[in-house]
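Please consult the sequence and the structure shown below alongside the text.

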Amino acid sequence: MLTNQLAIHGGPKTKTTPFGTGNRFGEEEVKELIEALNQNTLFYHFGKKVNQFLEDFNNMHGVKYSVATSSGTAAIHVALGAAGVTVGDEVITSPITDQGTVIGILYQNAIPVFADLHPYSFNLDPKSIEEKITEKTKAILVVHLAGNPCDMDPIMEIAKKHNLKVIEDCAQSYLTRYKGRLVGTIGDYGCFSTNDFKHISTGDGGIVTVNSGNEQDYHRTHAFADKNYQRLDDKVSRDIHYLAPNYRMTELQGAVGIAQLRKLNWICETRHQYGEMLNSAVGVVDGLYPMDISEQDYCTYWFYMFRLNPEVLSCSNEEFSAALAAEGIPNQAGYIPKVLYVQPMFQQKQAYLNSQFPFSLSAQDYPKGLCPVAEEILNTAIRINLSEFYEQQDIEEIIAAVTKVANYYSMEKSPAESK
Ligand SMILES: *Cc1c(COP(=O)(O)O)cnc(C)c1O
């Protein structure tokens, strides 16, 4: 039996030992949780845990103000509300992201506008953003995908030129650095998620940073996560001037968050190291395109994604994915199944059942081919799960398996050129 025969064809499997695992939660979280319960209140405004969580988060990020929310989706909605995004406004964002990125836009009765991406960083292309600006554009909602920062300098410049707010979706990008600066501190607001699948977990939860450092802005953001209740003003006001949801975080989540934050540096450093190993290895394999990460930036790899070159490889990304899985490496073809705008919600322009509102306020259409690079990315990408609990050997075996599969399909494509 040839050792380079694919496992999917009956050859030897590359990965035969289990991946490293570990416990995300321990005594540290238990201690904080007991303290939270002993406060005799789980309300964020009366207890100490959410406040402490935010203070620690602010210190890590060098920001003055942030607001806790019930999810990352909520964090983004709160940022949009604080930014003044309202009925009929357009918000430019990425078509390759979690749907949580666009939910708040539509709840504000604003219209998501999708700009195209860089082919290998998978992040928004500033040129495409600028092309999508109309007189209705109110904000740019950037997504730092998979721990890799967007090219923020040109984006901030475009925003300044057109007087737009910038909201950063950092749900996948804890401690990611753009030219040395932490993402989430560059735009007007930075939004984080602590759902159970992110770098750190509080079960569910989120954070919005208020980067203006302006107290009024902070109060507006805070109130937007709490039914527009003006709890921070000198004279607590119960006047309601416009609609805001209840997205409050509880003390239980805050407690877990405090303990999780202490692990965040280690989590991000480990993922960075493993991701860099994978990316440099993928970069030298014929037929594979590594992730484009600028040398000035620091990626914290929420997952690892690379692309196939169909001119070199004879397989589709689905075939590659199946072969890699058979080698013992869990992975997916693409990331989300399709770009967001091909979802029925956009195709049928129906955000609310039996209504075309707010899509009816805009001339925006969502045809196939709207963002050709983004569509091509999902058709040719392979996504590999990463964990801070993996061992060095796990990464070496992922590399061996990826290389084996790529070599097989590149030889199948051009046998004459291969040894
Ligand atoms: C997870 C995620 C969200 C939504 O966060 P939730 O806490 O699940 O609401 C938004 N944007 C991106 C890019 C995400 O990965």
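Contact, as the word is used throughout, means heavy atoms within 4.5 Å. This is a predicted model, in which local features need pLDDT of at least 70 and side-chain atom pairs count only at pLDDT 80 or more, while totals for chains, interfaces and linings use all residues. Residues are numbered from 1 along each chain as its sequence is written, and side-chain values use heavy atoms, with hydrogens and water left out.

**L37 and its surroundings**

Leaving aside neighbours within four places in sequence, L37 is in contact with L42 and L252. L37 belongs to helix 1, residues 27-38; helices (H or I, at least four residues) and strands (E, at least two) are DSSP runs, numbered from the N terminus. The C-alpha atom of L37 is separated by 8.3 Å from that of E251, although the two residues are 214 residues apart along the chain. With a relative accessible area of 52%, L37 is exposed. The terms are set as follows: buried is under 20% relative accessible area, exposed is over 50%, and partly exposed lies in between (1.4 Å probe, protein chains only).

**The annotated lysine**

Which residue does UniProt list for "active site"? The unreviewed entry gives K198, and the UniProt annotation "modified residue: N6-(pyridoxal phosphate)lysine", also from an unreviewed entry, covers K198. UniProt positions are given in the numbering used here, feature names are shortened, and annotations may be inferred rather than shown by experiment. In the model, K198 is placed in the loop between strand 8 (189-193) and strand 9 (206-210). Is K198 buried or exposed? K198 counts as buried because its relative accessibility is 7%. Not counting residues up to four places away in sequence, K198 touches R24, A171, Y174, S193 and W302.

**Backbone features in loops**

A146 lies in the loop between strand 4 (137-143) and helix 6 (152-162). At 1% relative accessibility, A146 counts as buried. K349 lies in the loop between helix 10 and helix 11. P358 is also placed in the loop between helix 10 (344-347) and helix 11 (372-380). The peptide bond joining F357 and P358 is cis, with omega about 5 degrees.

**Helix packing**

Two helix pairs are set out in the table. Axes are lines fitted to C-alpha atoms, for helices over the stretch in contact, and angles run from 0 to 180 degrees between N-to-C directions.

| Helix pair | Axes | Angle |
|---|---|---|
| Helix 9 (317-326) and helix 12 (392-413) | 10 Å apart | about 135 degrees |
| Helix 3 (72-82) and helix 7 | within 9 Å | roughly 135 degrees |

The angle makes helix 9 oblique to helix 12. Angles under 35 degrees count as roughly parallel, over 145 as roughly antiparallel, 65 to 115 as roughly perpendicular and the rest as oblique. Helix 9 passes helix 12 in a right-handed crossing; a crossing is right-handed if the near helix is turned clockwise from the far one by less than a right angle, and left-handed if anticlockwise. On helix 9 the contact is made by E319, F320, A323 and L324, and on helix 12 by A401, V402, V405, A406 and Y409. By class, this contact has 8 nonpolar, no polar and 1 charged residues. Ala, Val, Leu, Ile, Met, Phe, Trp, Tyr, Cys and Pro count as nonpolar, Asp, Glu, Lys and Arg as charged, and the others, Gly among them, as polar.

Helix 3 and helix 7 are likewise oblique to each other, and helix 3 passes helix 7 in a right-handed crossing. Here H77, V78, G81 and A82 of helix 3 meet R220, T221 and F224 of helix 7. The classes in this contact are 3 nonpolar, 3 polar and 1 charged residues.

Helix 7, residues 215-224, also contains H219. H219 is buried, with a relative accessible area of 16%. Apart from its neighbours within four places in sequence, H219 is in contact with L232 and D233.
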